[in-house]
Amino acid sequence: MQSRGISNSPYSIFDQLTFSDDLFEEKDRVKSLSEKIEIVKQTVNKLDEEYGILSLTDIVWNHTACNSEWLQDHPEAGYNLVNSPHLIPAYELDTALLEYSENISSLGYKAHVQSEEDLKAIIEGVKQHVIDKIRLWEFYVIDVKEALSEFQAALDKNASVDKSLFENIDIAALSFKEQAKLLADKGLYNKGTFGQRFYKKINIDIALAFIERLIETEAKYESVNNDSNVSIDDSSQKEQLDTDKLENTKDNHDSEPKYTLESISSKNTLIKKNNELNKSEDKSEIKEITSEKVANIKPIEVNEVKPEGAINEKSIHEIMLNKFKAIINEVNLPFYKLYDDEVIIILENLWNRAKYLKLDPHGPNQKEITQRVPLVERYFTRIPLNEKTQKHPKGSLAVVNNGWIWNANPLQDFASNESFSYLRREDDSPWLWDHMTKYTVQLASLFHGIRIDNCHSTPLHVGQHLLDAARRVRPNLYVVAELFTGSEEMDIKFVNHLGINSLIREAMQAWDSHELSRLVHRHGGKPVDASTYTDVDEYSETPCCIVPLVGSNPHALFMDCTHDNETPHQKRTAEDSLSNGALVAMSSCAVGSVKGYDEIYPMTVDLVNETRPYKLYEKPLEIEFIRDDKYLTGLPSSLKALNAPILRELSDEHGKYTEVTLPKEFPSGSITLLKTKVDKHNSLDEMLTSGADEVFKELNLVDLNIVLYRCGSEENDLIPGHGTYNVPGYGDLPYCGLEGFMSVLRPIMKENDLGHPFCANLREGHWALDYVVDPIKRVMSQLSPCAYEGSSFIQSLALCSVQMYGIVLSTGLHPTEIGPSMAAGLPHFATAHMRCWGRDVFISLRGLFLTTGNFEAAKKHIIGFGSVLKHGMIPNLLDAARRPRYNCRDAPWWFLQSIQDYCKFSPEGLDFLKTPVTRRFPKNDEFIEADDPLSYKYESTILEIIQEIMERHACGIHFKEWNAGPNLDHAMTDKGFQIDIDVDWETGFLNGGNQWNCGTWMDKMGESDKAGNKGRPATPRDGAAVEIIGLLKSTLRWITELNKTGHYPWNGVELKGIYKDLCNSSGEYQDYQLRPNFPVAMVVAPELFDEHHALQALNIAREVLAGPLGMRTLDPNDLAYRGVYDNSNDGTDPSVAKGWNYHQGPKHETIHTITRHLLRHREVIETDLWAGLPELTNADGAFCPYSCPTQAWSAATLLDLFDDIKKLEAC
């Protein structure tokens, strides 16, 4: 509404405080500004009071017309070459482009562009006639000639050198590129800012010290090789030098000969020149540099031997100068590369913009190139020099024009000195703040709301200040913004900081019906099939449901079309005007339109050049087409009522449905409005869940595993070719069972995300429902875990016992019988020999089976592993008892702890000890196949198995694994297959293992040939491991108690207390590493620990090892600590290659996760797709892609914790 500038665009305002004359009748145009403002005020008030219409106006904060008169008084209000000198290169480029456009014909190019070939030639000419002409590279690089002159002057003055700067650095051992980087790091500085030519400088004092040290260190190598006449260029010698990098120790320097410039000049010396030394280095970095860019380097002959005393001061200076010349050009190389990259971008952008302006069908088709219509638009306004402006510095009259960079960060000021695109000016303009505040307050006092134009281009602090001023005069100001940041998160940031009520959203931006549907859905409020989510308040004494407060998207002002959009006639068809407008009108948000839309005006109005008013119609949608040069008229149109669709209530095998038949006459662009309703039910939940009890009442826990879980590999093992359900556009679900579907439905319900690919899949067909058996379909979306007492967190943990316990065909607890078994983790440990691990099973058995009452599963696993007892050990890998592997020293002790726990938890009690177990292997420990006649030929009771383990360990265990070699373990060395366990009868400790195997839960074996760690365990933990000693003591205590009560006929052994992680390991330092193993011993054998010392140790573990979701496996201050596990790493660092650091820092969800901070655990198990707790995380709780997303003992140990808490509360 304000007076417009020279372009005549309403968004290019000449004076923000005056209204345009063409708004007023002719008699009012001569009135004063205050009188015109009063007329506007009266008109707005009349609309409000008589018609109930509130008024909204545009406000433009970030640009003004190039001919605004106040710019002559206040050029500092814009970014100019004085307050923003970093814009000088852009200004010189802009000026050169204008001159190029003016002289285009005289330079031999076509001024009338008719083809891409014409334009390509013109753009190619920019290199010579624009970029080279203004010597643009001088804004990027060091002035080599100036630097050489200063260096020569310093040499002539014999300037003193600070030798300490590079005293401990062997510069000659570095590559030429590294030498240049070292000098740049130490000596490069800026004298001024970008925008000044050659503002980058080299500190000459530092350069002198650098070159002198370079020559000294070169001389050291030359002297070593002089007698044998071996050049440093020899590849083997260079390789040797590269291993001796920057910082040498003092001892090394003391033992080496000293070289100075004085000593060099007094003896025969082989002088090595850097330019020759590096001819073969970094070829990818070498490029042609023109003589006018870089000072020419004159090579000096290599291997030139001067006779003693022949090298005088002048020769030394010449050598130093030439070396400095070579190195300074190398320092410049990355700056030239940056310059080259910028030129490429300049030319590419010029081509794209010029092609749009001159040739593109949708562009303005400015074929001619002249001074008035240049190749591309001006980036700067040149304020005229006159009597008013001559008082300002000359550079202040060049003011940068406004722009908008696509996909740029809207919070970054692209005209700032931190951006090469054109955050902060060196100076501010108090006048501009005052002027724009007056402008904003004036509009807020007149209108009920404002529409912020290009809000994304307005700095947040500016918008906040101006809106604060506006709201002081109109507190209930309605603020709508044109905001296109490209990010919903960034949109919300603007909305929150500025208090924006609505954002402009445009239906005509939709490129097809699917995108229009998405926009309508997004801004249309809750549809009839909206998904809702409620939770039960488990802590409230009064039964109630919790409905989560879901954050909403920024409110929309949804426009069927705006003045910026192409019309339906242009983008789709004119007939689409009604249907597009109807969809917008029915949306549950603010809606709007543009003048001319109802009249079906066919084209986007040219706001700059169009002067005709719209013709007014009494009935806009009943128009006869009459061409009118005085008025804007729409296409001929009429609005016609159609017959209503026919509705019929029908039913089929899927139930009742309504058939909608459209009338025969229903042309393109027609609309029909249907009202839907849901039949009333006394209880919708009851109706939806009816029949669920009947479906589930006969299911056992193994059946529930099939119904609720089963990952893809488990399902494929049972039914080849069958896996988890795949949702197009989303991917595979984690489980085949209901939990797989709930993993995707939970976030859909919480966010009412009906646009989710899974919802689309449900709408398109019954495939997802058909995937599940018919009885399960009816309860799929309503099943909730309620089989266990306690909070939903405990229920989720308890369901992990169902998750991990199921049937697969490839493995089980017996070689010939199909039955359920526990998976160590999913999906990596789901099938075949990798599913059932002795250590994992018995760490998890108490939590997953005993605390949840699944005593049958616990008993089967104890008997199954007891049946394959061999060498006094249970296997690490069971492999359905076919070919079990015995290589873990801790598994038998977890096994014995589980027997102890089973007897305490189960109704069977100590009678379980009498249970017979049929033994898989003969008594002599010979390996035989499962179908051998000697297999399963004798029995032992559980009690006898316990004693056998104790006796075998007491006598010592020594054997080599059966089938040792690459077929058993491709990474292990021959020594690693040897298993040795002995008792230290001085302490009662069990010592075992060696540096080539890893017999505890920290069992990562090196696998990388490249890094040299193959066959080397990262954590061998040989000797006496603290958790094994704790478990041994627990077992001894228990059988001693059994012996006293007559339930155990053998005598036990006592042992002494411990604290270290290991004792008597082959790597002595490993004994004292802080790891999270000692709490295991504390839990199972608390009598070993002094209460005060134990608490102190636990506090240290909490402070040093505890993380958000688990315990670090090693003290972060340990030299061996590596916190990020990457099993795909195939590098040369042995400490991390092939995930060698599995137990050298990453946090494991293990038996040690007994902390008071469980909120994160609850969040993970209730939100993760796998509905479990992960195997491990990386440093500081970061996600580890190589971890099992759900691990048996991760959930089991927390169930242990809650069971202990329950028992403590009962006490």
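**Close-up 1. Strand E10 of the predicted model has buried residues on both of its sides.** In E10 (residues 449-452), Gly449 and Arg451 point one way, while Ile450 and Ile452 point the other way. All of these residues are buried. In a regular strand, side chains alternate between the two faces of the sheet.

**Close-up 2. Strand E10 pairs with E3 and with E11.** Strand E3 (residues 56-59) runs parallel to E10, and four bridges join them. Across this pairing, Leu56 stands opposite Gly449. E10 also pairs in the parallel sense with strand E11 (residues 478-481), again over four bridges. Here the bridge partner of Arg451 is Val480 in E11. Between E10 and E11 the chain passes through helix H14 (residues 460-473), giving a right-handed β-α-β crossover.

**Close-up 3. Three strands form an open sheet in the order E26-E27-E28.** The pairing is antiparallel. Strands E26 (957-960) and E28 (989-992) lie at the edges, each pairing on one side only. On average, neighbouring strands of this sheet are turned by 15° against each other, direction ignored. Strand E27 (residues 978-984) is joined to E28 by four bridges. Val983 has Leu990 in E28 as its bridge partner.

**Close-up 4. Helix H31 packs on the sheet of E26, E27 and E28.** H31 (residues 942-955) touches each of these strands, and its direction makes about 90° with that of E27. The helix has 14 residues and reaches 20 Å from its first C-alpha to its last, close to the 20 Å expected at 1.5 Å a residue. Its buried residues include Ile942, Leu943, Ile946, Met950 and His953. After H31 comes Gly956, with a positive phi near 95°.

How values were computed:
Residues are numbered from 1 along each chain as its sequence is written. This is a predicted model: local features need pLDDT of at least 70, side-chain atom pairs count only at pLDDT 80 or more; totals for chains, interfaces and linings use all residues. Side-chain values use heavy atoms; hydrogens and water are left out. Two strands pair if DSSP finds at least two bridges between them. Helices (H or I, at least four residues) and strands (E, at least two) are DSSP runs, numbered from the N terminus. Axes are lines fitted to C-alpha atoms, for helices over the stretch in contact, and angles run from 0 to 180 degrees between N-to-C directions. Contact means heavy atoms within 4.5 Å. The expected span of a helix is 1.5 Å times one less than its number of residues. Buried means under 20% relative accessible area, exposed over 50%, partly exposed in between (1.4 Å probe, protein chains only). A crossover is right-handed if, with the strands pointing away from the viewer, the path from the first strand over the helix to the second runs clockwise.
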